[in-house]
Amino acid sequence: TGKSQVIKSLIKLLENRNEAHRFMLMAPTGAAAALVSGSTYHSMLAIRDFGNDDTTSPTALAKIRARLDGVDYIFIDEVSMLGCRDMYNISARLAKVMNEYEEPFGGLNVIFAGDFAQLPPVRNVKPLYSHAVGSKAYAEGTPKEQEQAIGKAIWHQITTAVILRENMRQKTQ
């Protein structure tokens, strides 16, 4: 529906204004990241899928901070592939790196793109639209369940949505 064109237009606008450094592209998987010439959020934010992620060294945090220096907008493609806990991990990592714990994503602007009817989350995780996450049982549950509930609550704080309805790819083929 023109998502790729929107990304290209944003990049071109910022390049024309000599502000390309303000914009970073990420995606949940290497294949999705490659399609938008971005990086995985795992590699960009040093998020690991195993164990306690709070052990990230000060050196690693400094490297992330350096990567984000001057970045105001993070574009995350294929949001449908993110689970509730992924959303929590991204927001928590950005809060830690930016030293801003009162705002989701450490106060950075995050733009999400994707189609929930297209690609589900990987690894059997609870999707952002899960009805089970955020219930009383989860709120009083394990730390992992609480992180899922927080991730879903962060997702529900997003107040602006742009829906692209016209299929641009079929028009050009």
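This is a predicted model: local features need pLDDT of at least 70, side-chain atom pairs count only at pLDDT 80 or more; totals for chains, interfaces and linings use all residues.
Leaving aside neighbours within four places in sequence, Asp-77 is in contact with Lys-3, Ile-7, Met-26, Ala-27, Pro-28, Val-36 and Ala-113. With one of these, Lys-3, the contact is also polar, side chain to side chain, at 2.8 Å.

Side chains of opposite charge can pair when their charged atoms come close. In this model the count comes to six salt bridges. One of them joins the side chains of Lys-3 and Asp-77, with 2.8 Å from N to O. Lys-3 belongs to helix α1 (residues 3–16) and Asp-77 to the loop between β3 and α5, so this pair ties together parts that are 74 residues apart in sequence. Lys-3 also meets the side chain of Glu-78 in a salt bridge, here at 3.2 Å from N to O. That pair again links distant parts of the chain, since Lys-3 is in helix α1 while Glu-78, 75 residues away, is in the loop between β3 and α5. Glu-78 is buried as well, with a relative accessible area of 9%.

Another salt bridge brings together the side chains of Arg-22 and Asp-72, at 2.6 Å from N to O. Arg-22 lies in the loop between α1 and β1 (23–27), and Asp-72 in the loop between α4 (58–67) and β3, so parts 50 residues apart in sequence are tied together by the pair.

Attention now turns to the aromatic side chains. A pair of aromatic rings is described by the distance of the centres and the angle of the planes. The structure holds five such pairs. Among them is the tilted pair of Phe-23 and Phe-75, with 6.1 Å from centre to centre and 55° between the planes. Phe-23 is in strand β1 and Phe-75 in strand β3, so that the pair links distant parts of the chain, 52 residues apart. Phe-23 is buried, with a relative accessible area of 12%, and Phe-75 counts as buried too, at 3%. For Phe-116 and Trp-155, the ring centres are 5.8 Å apart and the planes stand at 70°, so the pair is edge-to-face. Phe-116 lies in the loop between β4 (109–112) and α6 (136–139) and Trp-155 in helix α7, so the two tie together parts that are 39 residues apart in sequence. Phe-116 is partly exposed, with a relative accessible area of 36%. Phe-116 and Trp-155 also belong to one aromatic cluster, together with Phe-105, Phe-112 and Tyr-129.

The last stop is the surface. Val-6, Val-162 and Leu-164 form a nonpolar patch there, with about 260 Å² of accessible area together. Val-162 is placed in the loop between α7 and α8 and is exposed, at 72% relative accessible area. Arg-165 is found in the loop between α7 (143–156) and α8 (168–172), and it counts as exposed at 72% relative accessibility. The C-alpha atoms of Arg-165 and Gly-2 are separated by 8.8 Å, although these residues are 163 residues apart along the chain.

Key
Residues are numbered from 1 along each chain as its sequence is written. Side-chain values use heavy atoms; hydrogens and water are left out. Helices (H or I, at least four residues) and strands (E, at least two) are DSSP runs, numbered from the N terminus. Buried means under 20% relative accessible area, exposed over 50%, partly exposed in between (1.4 Å probe, protein chains only). Patches are made of residues with over 30% relative accessible area and no salt bridge: like charges are joined within 9 Å, nonpolar side chains (Val, Leu, Ile, Met, Phe, Trp, Tyr) within 5 Å. Accessible areas come from the Shrake-Rupley method with a 1.4 Å probe; for residues, only the protein chains shown count as cover. A salt bridge is a side-chain nitrogen of Lys or Arg within 4 Å of a carboxyl oxygen of Asp or Glu. A polar contact is a pair of N or O atoms within 3.5 Å; within protein, one must be able to donate a hydrogen and the other to accept it, and residues adjacent in sequence count only if both atoms are side-chain atoms. Contact means heavy atoms within 4.5 Å. Rings of Phe, Tyr and Trp (its six-membered ring) pair if their centres lie within 6.5 Å; planes under 30 degrees apart count as stacked, over 60 as edge-to-face and the rest as tilted.
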